Amino acid sequence: MSQLATIFEKIKEDFFTNHLDEGNRENFELIFSPFSTGFTNDDFLFLDSATASSSADSARKYQDELYEFFQIANTIPLEANFWTISGDKNDYLSSKYKTIIEGLKFIDIDTLKIDMLYEHPVFNQALNAINSEQQKTYTTFYNLKSKLNNTINTLKSSINETNKAIVELEIKMIQENVDKLNEKWISNGFKNDIETKILNIIKDEFKRFMLLFNESKAKLLTLKREHLTSGSDYYITSCSPNNLYKSDALDWKKMTINPAELESLFSKVNIKSYQSVFGNSPLSQLDLESVQFELIFVNVERAWYEEQIIKSPFWDINLLNKDQISIPKITSKLIFVRRVNLKVKKNANNNRLLIEKASAKNLGPFMINMSNYKMGQSLKLKAINTSLHIDRKVVMNVSSKINKKKEDRAVKNIVNQKQQQFISLAPHLKKQFIAKETIKIAALTKPMSLQFTATPLISPINTVNCKFTFIDAHSREAMIVTPEKIKIHYNKKPLNVLIKPEGKALKTVLTGNTFYRLFIEEDAIIKPVVFDFKTTKVNSSKNNFIIKVTKKEITEEEEIDNSFQLIGVIAKTLEDFPNPIKKATYF
């Protein structure tokens, strides 16, 4: 198991120590995702009232962000060690809550009698709300009667053919004591006075319940929206702090796990609880010296949801389909981290072997690019979508599908397979994402008349297949360069040629016996490259070109990354719905 799991143990420790009362611990749990998803300030502009724009593209983006946050915040956490959004609307809190609000039946408060309440928790709540000496006297009588009634019930359950006569006689004697006690209770125990107050308290509480219900039902109507792209209904959901679009202004907590704490936290790790998060990546064996990251818990706020309604006994659960309204847990907080840096031990054998083999690899839910790594530097952990430049929704959809077929085979094997597939399919997914965004922009833009002269396509006469392999100028390690970074010029003009990936290389078709110039655009990892070459007259291995690429020097003082990663949620366990009051009328 990876020492990186100490990050999650550290987060748990901080939450239960600094964000929760001691008596509340059993109601909360932290659930982590197998795929970290990256966000930027722009992804939360929907929280900024100034963002809502009349332009079509801004309005569409605003709505997409609202809908995505709704999905993230309102998926009911159903698994103990595996969090993901759900593609099933029945798994959303709003769906189950709406079913309750629209289908519940209310208690007929005017027909409620005190003897219906004795055995129900709401009776004790109302009794404890009365603060007087009379209440104490009443409670003494009430407890004694409850004890005698419990004895009678126990005796009734023990009756058989052998002891029937004796037990029934004993029950009769105890019942006579109950009747005498009841008379004293009325005369000396303030029975009628206290029970009148109890009924009045419950009636007042019912009025408050109805006000809360009507307010929540109205908000379900006013805060309902339709997501135009998917046609799905959703409900506006917010958070606090609500300025995630200004991430540097947030109160991020800087966390450091030093060597001693690494050892201490790792000894507490429950391996089984993290197998669905880490998979079985070979990088899980990295020997760490220290870990640094920044942490924030973001509270989920739902103006349309009122927990006090579903906790109330004033509606009848038995008249509804329990499966349709089951809400075992809700997402209380979102767990975000940023600037996750690892320092590995310099002389550890595991680290040397892994560094030699690794380039872009997954480490648990994170991505790690070790091609830039030098001994002594920190490894920077990124989100899957941020590191591979793919659509965040793709990552979340894959995670959701894994959750539905977890029972088929070992979770860690499924997770590891998908983590590796993200890396291998990233160029294709990236192209799909770019194409999709281009189509969106085109659809939202008015047509314009353009005049231009395009460089013609390569003539099919005398063409040859060309292959370009890219290697690190220092380590000679093969490197991946995406087609979007490549431009091929002929006679100082760019060519309109199709460049396709083939493994880690790229291939295209060019005219034979011709001079060309290839440009590689600069990015965050590599320096720009200009490569001159000449093709042969016919197809030949001489048209397989090796291009040396120089990677940029990455220093600890490099530009600070302000993106942040969602790695899990805080789930709050809800109590079972209260039982209806026996013999009460619900309509």
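Buried means under 20% relative accessible area, exposed means over 50%, and partly exposed lies in between (1.4 Å probe, protein chains only). This is a predicted model, in which local features need pLDDT of at least 70 and side-chain atom pairs count only at pLDDT 80 or more, while totals for chains, interfaces and linings use all residues. Residues are numbered from 1 along each chain as its sequence is written, and side-chain values use heavy atoms, with hydrogens and water left out.

**The chain overall**

- The chain has 15 helices and 20 strands; helices (H or I, at least four residues) and strands (E, at least two) are DSSP runs, numbered from the N terminus.
- Of the 587 residues in the chain, 45% are buried.
- The chain has an accessible surface of about 31,800 Å², and carbon and sulfur atoms account for 50% of that surface. Accessible areas come from the Shrake-Rupley method with a 1.4 Å probe, and for residues only the protein chains shown count as cover.
- Contact means heavy atoms within 4.5 Å. Taking contacts between residues at least 6 apart in sequence, 79% join residues at least 24 apart.

**Helix H4**

- In helix H4 (residues 121-128), the buried residues are Val122, Phe123, Ala126 and Leu127.
- Those buried residues fall within an arc of 140° when H4 is seen down its axis, so they line one face of the helix. The arc is that of the directions from the helix axis to the C-beta atoms.
- An α-helix has 3.6 residues a turn, so residues three or four places apart point the same way.
- Gln125 and Asn128 are exposed residues on the face of H4 turned away from its buried side.
- Helix H5 (133-157) and helix H7 (191-222) are included in what covers the buried residues of H4.

**Helix H7 and Lys197**

- Lys197 is in helix H7 and counts as partly exposed, at 37% relative accessibility.
- Apart from residues up to four places away in sequence, Lys197 touches Ile130 and Gln134.
- Lys197 and Ala129 are 68 residues apart along the chain, and their C-alpha atoms are separated by 9.8 Å.

**Nonpolar cores**

- A nonpolar core is a set of buried Ala, Val, Leu, Ile, Met, Phe, Trp, Tyr and Cys residues joined through side-chain atoms within 4.5 Å.
- The largest nonpolar core has 78 residues, of which Phe44, Ile198 and Phe336 touch the most other members. H7 supplies the largest share of this core, 8 residues.
- A second, separate core has 38 residues, including Tyr274, Val291, Phe366 and Ile570.
- Beyond its neighbours within four places in sequence, Phe44 is in contact with Phe39, Glu65, Phe69, Leu244, Tyr245, Phe336 and Phe564.

**Two buried polar residues**

- Gln565 belongs to strand E20 (residues 564-573) and is buried, with 5% relative accessibility.
- A polar atom of the Gln565 side chain lies 3.3 Å from the backbone nitrogen of Ala383.
- The residues in contact with Gln565, its neighbours within four places in sequence left aside, include Phe336, Phe366 and Ala383.
- Asn543 sits in the loop between strand E18 (529-534) and strand E19 (544-549), and is buried at a relative accessible area of 0%.
- Not counting residues up to four places away in sequence, Asn543 touches Val464, Asn465, Cys466, Lys467, Lys534, Thr535, Thr536 and Val538.

**Backbone geometry**

- Most residues other than glycine have a negative phi, and most peptide bonds are trans.
- The peptide bond joining Ser240 and Pro241 is cis, with omega about -5°. Pro241 lies in the loop between strand E4 (238-240) and strand E5 (253-257).
- Arg339 has a positive phi, near 50°. Arg339 is in strand E7 (residues 329-344) and is partly exposed, with a relative accessible area of 25%.
- Asn491 also has a positive phi, near 55°. Asn491 lies in the loop between strand E13 (486-490) and strand E14 (493-494) and is exposed, at 61% relative accessibility.

**A UniProt annotation**

- An unreviewed UniProt entry lists residues 145-184 as "coiled-coil region". UniProt positions are given in the numbering used here, feature names are shortened, and annotations may be inferred rather than shown by experiment.
- In the model, residues 145-184 are 85% helix and 0% strand, and the end C-alpha atoms are 11 Å apart.

Key:
A polar contact is a pair of N or O atoms within 3.5 Å; within protein, one must be able to donate a hydrogen and the other to accept it, and residues adjacent in sequence count only if both atoms are side-chain atoms.
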